[in-house]
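Please open the model in your viewer and keep the selection tool at hand. The tour below goes from stop to stop, saying at each one what to select and what is there.

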Amino acid sequence: MTTSINPTQNLAPIYVTEADFEILSNLAEATAHRSPGGRVLAEEMARARIVEPGEAPRPFARIGSTVEYEDLTSGQIRQVRLTLPRDASIDDHRISVVTPVGAALIGMMAGESFQWTDPEGRARGVRVLDLQA
């Protein structure tokens, strides 16, 4: 079974810097065949708009950003820092950009939502409440 983006949602554009795009694309390519988060990241990088810092209309979630989000499935609100896989630590609220949630958050702006279906067929989603880019 595969992870898929909800095809009925109107996807807001996501933004990445050129430096982050290169890193994230390489991670997506390396993990897409074996990880649900890698598949989400690969799909997101395929539609990403590459910008220089400050070119996007508002701040967006990047590697190193602190993001407060609502889990649309559970209603829980969490605050995490987006990191590379080697720097991830659940205990320290640092999540990897190749986890499904981390991949979903990358490139998003405050107020935006993203939904996907996990490999077990469950609907998942996040809404960005606040971020520090």
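This is a predicted model: local features need pLDDT of at least 70, side-chain atom pairs count only at pLDDT 80 or more; totals for chains, interfaces and linings use all residues.

Residues are numbered from 1 along each chain as its sequence is written, and side-chain values use heavy atoms, with hydrogens and water left out.

Helices (H or I, at least four residues) and strands (E, at least two) are DSSP runs numbered from the N terminus. An α-helix has 3.6 residues a turn, so residues three or four places apart point the same way.

Moving on to the loop between α1 and α2, select His33, which is exposed with a relative accessible area of 62%.

**Helix α2**

Select Gly37, Gly38, Arg39, Val40, Leu41, Glu44 and Met45, the buried residues of α2. The 12 residues of this helix should span 16 Å at 1.5 Å a residue, and the end C-alpha atoms are 17 Å apart, which agrees; the expected span is 1.5 Å times one less than the number of residues.

**The nonpolar cores**

Next select Leu41, Met45, Val67, Leu82, Leu105 and Val126, which touch the most other members of the largest nonpolar core, a set of 29 residues. A nonpolar core is a set of buried Ala, Val, Leu, Ile, Met, Phe, Trp, Tyr and Cys residues joined through side-chain atoms within 4.5 Å. Elements that each supply at least two residues include α1, α2, β4 and β8, while the largest share, 4 residues, comes from α3. Apart from this core lies another, of 5 residues, among them Tyr15, Val51, Phe60 and Met109.

Stay with Tyr15 and Phe60, which form a tilted aromatic pair, 6.0 Å centre to centre with 40° between the planes. Rings of Phe, Tyr and Trp (its six-membered ring) pair if their centres lie within 6.5 Å, and planes under 30 degrees apart count as stacked, over 60 as edge-to-face and the rest as tilted. Tyr15 lies in strand β2 and Phe60 in the loop between β3 and β4, so the pair ties together parts that are 45 residues apart in sequence.

**Two strand positions**

Select Thr66 in strand β4, which counts as buried at 18% relative accessibility. Leaving aside neighbours within four places in sequence, Thr66 is in contact (heavy atoms within 4.5 Å) with residues including Gln79, Arg81 and Asp130.

Finish at Gly125 in strand β8, which is buried with a relative accessible area of 2%. Not counting residues up to four places away in sequence, Gly125 touches Glu70, Asp71, Leu72, Thr73, Phe114, Gln115 and Trp116.

Conventions
Buried means under 20% relative accessible area, exposed over 50%, partly exposed in between (1.4 Å probe, protein chains only).
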